[in-house]
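Me: I would like to learn how to read a structure feature by feature. Can we go through one together?
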Amino acid sequence: MTLTADDVKKIAYLARLGIDQQDVESYTKDLSGMLELMTQMSETNTDGVLPMAHPMDQSQRLRVDEVTEQDNRNNFQAIAPQVEEGLYLVPKVIE
Amino acid sequence: METSQEWETVIGLEIHTQLATKSKIFSGAATAYGAEPNTQACAVDLGLPGVLPVLNEQAVTMAVKFGLAIEAEIAPYSVFARKNYFYPDLPKGYQISQFELPIVGNGHLDIDVDGTTKRIGITRAHLEEDAGKSLHENFHGMSGIDLNRAGTPLLEIVSEPEMRSAKEAVAYMRKIHELVRYLGICDGNMQEGSFRCDANVSVRPLGQQQFGTRAEIKNINSFKFVEKAINHEVERQIELIENGGKVVQETRLYDSVKDETRSMRSKEEANDYRYFPDPDLLPVFISEEFKSQIKAQLPELPNARKQRFREQYQLDDENAGILTASRQLADYFEFVVNESACEAKLCANWITGDLVAALNKADLDITESPVNTQRLAGLLLRINDNTISGKIAKQVFELMWQSSSTADEIIAEKGLKQITDSGAIETIIDKIIADNPDQVEQYLSGKDKVFAFFVGQVMKEMQGKANPAEVNKMLKAKLK
């Protein structure tokens, strides 16, 4: 599978990454190369092999349902760009 | 225009239930509702660099409970995935959810609509974290973000597209609501957003196999609105198609004030979530042993309990339905039956009648009832042994509601004990007959209706305390 320059721009937009126009071509080539490797791997016979969701072959450890965190708002908000009435302020997201 | 075409509605629901854990799904921050903004949002919930999620055992247990209750398959192996999108109330830029391998798959729930039972398939139920809240007003052109809700555990319950009317959709939503509260996994508080739903709605010509294009109505938080929103959307789609238009797949919002749905401005790439397994979380393995431990803790479920109430207590469908709609109300009923040893039907009628009406009027839950099971049982006992009539019992009940006295105390204090002494009743009857010669004549000349007048007069004279059956019998004999 080969990506086009438009695919790369779309992926960058979805990830909110700004990429320079001059780099699009090399990204396209590199990403296509990665997909090519995937295609090669897909050709391996994996009959009877269970797909892995994680490289560590272990079960998720579970936490007891207890409140262990204290209110730390003042510290967190000290490093926020803008706060008001305990809220984090961000550029308006709807009109 | 001509509308010979008959349409069939197809509905599937996605219900988001907030799980009633103390702490969040991946952090130790509290989940309590109504705290000051951002006082329950820790470094994990804020998505600060370097933090790692650790899964809450109780959230897993609750999901498995639900799965067992709908006779679903519990995945022995399930995986968390990242759902990627950008919005300020989602600080990490992704929501941790489940995609390919959800914890609960393939269950079902029976609903009753117009006297028939229908089985609705439940495709899956998966665990995920809730997002924060955005406040768009009064911040001089900015949006305010409260992340207290971020990371609250949700169980998203996805039905098959098997409902065929808004009525069925409401019945299904109510059943799920009832079930999650029975299981104690969700408080069901819709005002606070603990229980909300998205409806996928489409129409197709009756008889056609293939589904029509669906629209998704987002974030409906009341039973009334789900019915109205669906009915409105169905009308809109039919009108659109009959006028030569096409339904577009889109997300719509229901406006309860205008009673209409309208398109949400859909961003171009909005639906490309690029799910992938979250490398921060290992797969969750659920053993047979864990499953059977949870199964052993399951309470009797609403449908089973309703059936038992009908058989064991000989209740009609309506009363059995009302009583089992909440686990606490059903418990209350069974306590009263056991304590009063009265006929179950009497207990059921009093609870679904006077008690529920009084609770509704005072906007109280059964758990907040001023009249507890012992006191109500005490009242019913006195009806049962003819100490008071049903009519007087209503007075006693009202006085019990306003005080902490028992029925016996109120009956004694107010002198409400029914008079069964026939001598006393006879004296009154004789007096009434002597005082009303005209009515006696009318009655004797065949005006049967006048009989009620005499009963009324006697009861009035005796302040309602006479046994009505006794009064009837004696009057009949006297007026011959």
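Me: Is Tyr254(B) buried or exposed?

Reply: This is a predicted model, so every value here is computed from it. Tyr254(B) is buried, since its relative accessibility is 12% and the cut-off for that class is under 20%.

Me: Which class does Phe225(B) fall into, by relative accessibility?

Reply: Phe225(B) is partly exposed, at 22% relative accessibility. Take this residue together with Tyr254(B), because their rings form a tilted pair.

Me: How is an aromatic pair described?

Reply: Two quantities do it: the distance of the ring centres and the angle of the planes. For Phe225(B) and Tyr254(B), the centres are 5.7 Å apart and the planes stand at 55°. Planes under 30 degrees apart would be stacked and those over 60 edge-to-face, so this pair counts as tilted.

Me: Which parts of the chain does the pair link?

Reply: Distant ones. Phe225(B) belongs to helix 4 (residues 223-242) of chain B, and Tyr254(B) to strand 14 (residues 250-255) of chain B. The two residues are 29 residues apart.

Me: How many aromatic pairs are there over all chains?

Reply: The count is 13. There is also an aromatic cluster made up of Tyr85(B), Phe99(B), Tyr273(B) and Tyr275(B).

Me: Which residue lies over the face of Phe223(B)?

Reply: Arg174(B) does, at 4.2 Å from the ring centre. Another ring with a charge over it is that of Phe451(B). There the charged end of Lys476(B) sits 5.0 Å from the ring centre.

Me: Now the pockets. What does rolling a probe over the atoms show?

Reply: A probe the size of a water molecule shows where empty space is left. In this model the second largest pocket has a volume of about 1700 Å³. Its lining has 48 residues. Closest to the centre are Arg174(B), Glu178(B), Arg181(B), Ala325(B) and Ser326(B). Arg174(B) is also the residue over the face of Phe223(B).

Me: Which elements give two or more residues to the lining of the second largest pocket?

Reply: They are strand 7, helix 3 (166-182), helix 6 (302-312), helix 7 (317-324), helix 8 (327-340) and helix 9 of chain B. Helix 3 of chain B gives the most, with 9 residues.

Me: How does the lining of the second largest pocket divide by class?

Reply: It has 15 nonpolar, 17 polar and 16 charged residues.

Me: Which domains does that lining draw at least three residues from?

Reply: Domain 1 (4-293) and domain 2 (300-414) of chain B each give at least three. Chain B also has domain 3 (422-478). The C-alpha centres of domain 1 and domain 3 of chain B are 65 Å apart.

Me: How many cavities of 30 Å³ or more does the count give?

Reply: The count is 1. The largest cavity has a volume of about 40 Å³. Its lining includes Asp45(B), Asp89(B), Lys92(B), Glu129(B) and Asp130(B). By class, the lining divides into 3 nonpolar, 1 polar and 5 charged residues.

Me: Next, the backbone. What is the phi of Asp114(B)?

Reply: It is positive, about 50°, although Asp114(B) is not a glycine. Asp114(B) is in the loop between strand 7 (104-113) and strand 8 (116-129) of chain B. With a relative accessible area of 62%, Asp114(B) is exposed.

Me: Where is Asp363(B) found?

Reply: In the loop between helix 9 (344-361) and helix 10 (373-384) of chain B. Phi of Asp363(B) is near 55°, again a positive value in a residue other than glycine. Asp363(B) is exposed, at a relative accessible area of 67%.

Me: Back to burial. Where does Thr17(B) lie?

Reply: Thr17(B) is in strand 1 (residues 7-18) of chain B. At 0% relative accessibility, Thr17(B) is buried. Its C-alpha is 9.6 Å from that of Asn189(B), 172 residues away along the chain.

Me: Is Ile351(B) buried or exposed?

Reply: Ile351(B) is buried, with 0% relative accessibility. Helix 9 of chain B holds Ile351(B). Ile351(B) and Gln395(B) are 44 residues apart in sequence, and their C-alpha atoms are 15 Å apart in space.

Terms used:
Residues are numbered from 1 along each chain as its sequence is written. Chains are lettered from A and ligands numbered from 1 in the order in which they are written. This is a predicted model: local features need pLDDT of at least 70, side-chain atom pairs count only at pLDDT 80 or more; totals for chains, interfaces and linings use all residues. Side-chain values use heavy atoms; hydrogens and water are left out. Rings of Phe, Tyr and Trp (its six-membered ring) pair if their centres lie within 6.5 Å; planes under 30 degrees apart count as stacked, over 60 as edge-to-face and the rest as tilted. Helices (H or I, at least four residues) and strands (E, at least two) are DSSP runs, numbered from the N terminus. Buried means under 20% relative accessible area, exposed over 50%, partly exposed in between (1.4 Å probe, protein chains only). A charge sits over a ring if NZ of Lys or CZ of Arg is within 6 Å of the ring centre and within 35 degrees of the ring normal. On a 1 Å grid over the protein atoms alone, a cavity is a set of points where a 1.4 Å probe fits but cannot get out, and a pocket is an open set with protein on both sides within 12 Å along at least five of seven lines; lining residues have an atom within 4 Å of a point. Grid points are joined across faces, edges and corners, and a volume is the space filled by probe spheres set on the points. Ala, Val, Leu, Ile, Met, Phe, Trp, Tyr, Cys and Pro count as nonpolar, Asp, Glu, Lys and Arg as charged, and the others, Gly among them, as polar. Domain bounds come from an automatic or database domain assignment.
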